[in-house]
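Have the model loaded and a selection tool ready.

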Amino acid sequence: MTDSQQPDVAKNIIIEIGEDGRFKAYALSVVEDLWHDFLFFEQQALNTSTDDRPLLHKRFLRAALLCLFAYLEGVTHQWCYELTIREGGSNTKARARAGAKIEARCKDLTHVAAGLTATTIEFEFTRANYLRNKIVHEVGGEHDVELFSELTLEALQTLKSDMVRWLEWVGPAIGQKPHPDADRALDWLATLGDSVQDEHSSDGLA
């Protein structure tokens, strides 16, 4: 999603060699998968009529919201960890910083990025996180109507736009990417010729 000095080298690559000598390679990135999961459920919500199938439409919105926050959790956790190590912090301090609540992590990253750039982009998501927490942590129906009315496609897409804008500001400022681009992480396998079949996290998803 963003550009930085980091090369596109996937941390987890699985290579299988069949009896026929053909290779199968898989570049794995759960964080990137979560982004594409979000895009998939967002598209499903777009394709589902609120008049004909309102409950199904809401199901896709809930799934999209959960995937979006899981993605944000993964990216900010890794960024805070890497920053602490780079600043000379211990592994324990890095894990403590990365393990802070997501609001604190995002404020921390905003503060760091603001000290490295001439602009500041705030990212406010308190209400969206409140709705996410009601889905994840609470049962019993107390907030069902609240979730039904507030979690709309418009609200989800505003959250997405605000998040992307913030990530694309913070990432280059601190020299980080949300994740390596798995589509490019297997480019080096092309030198092996036609014996390679590769699959990456974005396959089949737009």
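Start by selecting Arg127, which sits in helix H5. The model is a predicted one. Arg127 has a relative accessible area of 40%, so this residue counts as partly exposed. Beyond the neighbours within four places in sequence, Arg127 contacts Glu146 and Glu150.

Is Lys134 buried or exposed? Its relative accessible area is 14%, under the 20% cut-off, so Lys134 is buried. Show the residues around Lys134: once neighbours within four places in sequence are set aside, the contacts are His143 and Leu147.

Next, select residues 30–47 for helix H1 and display its axis together with that of H2; the two axes come within 8 Å and cross at roughly 160°. An angle over 145 degrees counts as roughly antiparallel, so H1 is roughly antiparallel to H2. The crossing of H1 past H2 is left-handed. To see the contact, show side chains on both helices. On the H1 side, the residues include Trp35, Phe38, Phe41 and Ala45. On the H2 side, they include His57, Phe60, Leu61, Cys67 and Tyr71.

With a relative accessibility of 6%, His57 is buried. Outside the four places in sequence on either side, His57 contacts Ala45, Thr48, Ser49, Thr50 and Leu153. Cys67 is the other pick; its relative accessibility is 12%, and Cys67 therefore counts as buried.

Keep H2 on screen and bring in helix H4, residues 102–114. How do the axes of H2 and H4 meet? They come within 10 Å and cross at roughly 50°. That angle makes H2 oblique to H4. The residues that make the contact include Phe69, Leu72, Trp79, Cys80 and Leu83 from H2, with Ile102, Arg105, Cys106, Leu109 and Val112 among those from H4. This crossing is left-handed.

A disulfide would need the sulfur atoms within 2.5 Å. The structure as a whole holds zero disulfides.

Finally, clear the selection and colour the chain by secondary structure. There are eight helices and three strands. Read from the N terminus, their order is β-β-α-α-α-α-α-α-α-α-β. Switch to a burial colouring: 40% of the 206 residues count as buried. With a surface turned on, the accessible area comes to about 11,700 Å², and 52% of that belongs to carbon and sulfur atoms. Of the contacts between residues at least 6 apart in sequence, 72% join residues at least 24 apart.

Technical notes:
Residues numbered from 1 in each chain as written. Predicted model: local features only at pLDDT ≥ 70, side-chain atom pairs only at ≥ 80, totals over all residues. Heavy atoms only, no water. Buried < 20%, exposed > 50% of the residue type's maximum accessible area, 1.4 Å probe, protein only. Contact = heavy atoms within 4.5 Å. Helix = DSSP H or I, 4+ residues; strand = E, 2+ residues; numbered from the N terminus. Areas by Shrake-Rupley, 256 points an atom, 1.4 Å probe, with all protein chains shown as cover. Axes fitted to C-alpha atoms, helices over the stretch in contact; angles between N-to-C directions. Parallel < 35°, antiparallel > 145°, perpendicular 65-115°, else oblique. Left-handed = near helix turned anticlockwise from the far one by under 90°.
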